[in-house]
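User: Please go through the structure shown here in questions and answers, with the cut-offs behind each term.

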Amino acid sequence: ELILSGRLDGFILSETNTGDPRIPFLLDKQFPFVSFGRADADLQFPYVDTDSQAGLRIAVEYLVSLGHRRIAFCGWNTDSLTGNFRYAGYREAMAAYELPVPPHYITRGIYGDEHIPRAFAYWATLPHDQQPTAIVTVSDYVAIAAIRAAEQCGHRIGDTLSVVGFDDSPVGRYVTPTLTTLRQPLRAITTALMTMLDATLQKTPYEPPQRLFAPELIIRASSGAPQPD
């Protein structure tokens with residue numbers, strides 16, 4: 001309806017995912033658009049995105065530098081493309097350091113359900129030298145859910161367990177302890193999106209047609225060196 005109205009020149013899409021119907025529709029209509037986020041790999045379209053895969057590698061590398069070796073992952077369901085990129089970054093970094101990833105170190109589900117408390121309850125039953133000493137998560141809100149579940153199991157965050165979030169949401173600065181996280185470069189992303197859309201509207205080349213921006217690690221109190229076993 002907006003296209004037919006003739007009242008706008010282009011779209012900026014967000015919250016894209018695999019199977020996103022908007023992208024093939026706009027490509028078929030040859031209507032100008034850019035996207036904050038990726039979609040199906042076989043579709044060629046202009047996008048800007050945070051390099052989520054690199055972000056989780058940065059998080060794992062930081063935890064390893066502190067001395068952590070047993071690092072678990074709390075993520076979204078497998079139908080989240082962004083969540084899958086972040087999970088892939090975790091697996092890549094763990095493999096690069098030749099660190100084991102037992103299946104029970106991975107918990108993925110819908111935010112707000114009980115998969116995180118269940119995971120912590122199970123980890124608490126393991127021998128001490130098999131329990132995770134650090135958790136990387138797909139978002140700050142998942143990280144906060146992990147912190148609450150960990151505290152209910154007796155952990156002191158930043159001491160007996162380190163937790164890293166993703167997004168640098170304002171809430172991460174005000175929880176106790178403050179949250180170590182990965183900050184998306186939103187100003188650079190916004191500038192790139194607007195420049196890319198302007199080039200698309202002007203029918204001038206924009207190189208590269210897809211851009212990834214690495215996030216920045218923000219270190220706060222929720223992370224620290226592991227305690228001796």
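This is a predicted model: local features need pLDDT of at least 70, side-chain atom pairs count only at pLDDT 80 or more; totals for chains, interfaces and linings use all residues.

User: What percentage of the residues of the protein count as buried?

Analyst: The C-alpha trace spans about 65 × 35 × 25 Å along its principal axes. Relative accessible area (1.4 Å probe, protein chains only) decides the class: buried is under 20%, exposed is over 50%, and partly exposed lies in between. Of the 229 residues, the share that counts as buried is 47%.

User: What share of the contacts with a separation of 6 or more comes from residues 24 or more positions apart?

Analyst: A contact means heavy atoms within 4.5 Å. Among the contacts in the protein with a separation of 6 or more, residues 24 or more positions apart account for 65%.

User: Why are helix 3 and helix 4 classed as they are in orientation?

Analyst: Axes are lines fitted to C-alpha atoms, for helices over the stretch in contact, and angles run from 0 to 180 degrees between N-to-C directions. The axes of helix 3 (residues 52-66) and helix 4 (residues 81-96) come within 7 Å and cross at roughly 40°. Angles under 35 degrees count as roughly parallel, over 145 as roughly antiparallel, 65 to 115 as roughly perpendicular and the rest as oblique. The two helices are therefore oblique to each other.

User: What is the handedness of the crossing of helix 3 and helix 4, and how many charged residues does their contact have?

Analyst: A crossing is left-handed if the near helix is turned anticlockwise from the far one by less than a right angle, and right-handed if clockwise; helix 3 passes helix 4 in a right-handed crossing. Residues in helix 3 including Leu56, Arg57 and Val60 meet residues in helix 4, among them Phe85, Arg86 and Tyr90. Ala, Val, Leu, Ile, Met, Phe, Trp, Tyr, Cys and Pro count as nonpolar, Asp, Glu, Lys and Arg as charged, and the others, Gly among them, as polar. By class, the contact has seven nonpolar residues, four polar and, for the charged class, three.

User: How many nonpolar residues does the contact of helix 5 with helix 6 have?

Analyst: Helix 5 (residues 115-123) and helix 6 (residues 140-152) pack at about 40° with axes 9 Å apart, which makes helix 5 oblique to helix 6. Their crossing is right-handed. Ile116, Pro117 and Phe120 in helix 5 meet Val142, Ala145, Ala146, Ala149 and Ala150 in helix 6. The contact has no polar and no charged residues, and its nonpolar residues number eight.

User: Is Arg70 buried or exposed?

Analyst: Arg70 lies in the loop between helix 3 and strand 4 (71-75). Not counting residues up to four places away in sequence, Arg70 touches Tyr105, His128 and Asp229, among others. With a relative accessible area of 16%, Arg70 is buried.

User: Which residue does a cis peptide bond join to Thr176?

Analyst: The residue in question lies in the loop between strand 7 (162-164) and strand 8 (181-183). With omega about -5°, the cis bond joins Thr176 to Pro177.

User: Is Lys203 buried or exposed?

Analyst: Lys203 is in the loop between helix 7 and strand 9, and its phi is near 55°, a positive value in a residue other than glycine. At 73% relative accessibility, Lys203 counts as exposed.

Technical notes. Residues are numbered from 1 along each chain as its sequence is written. Side-chain values use heavy atoms; hydrogens and water are left out. Helices (H or I, at least four residues) and strands (E, at least two) are DSSP runs, numbered from the N terminus.
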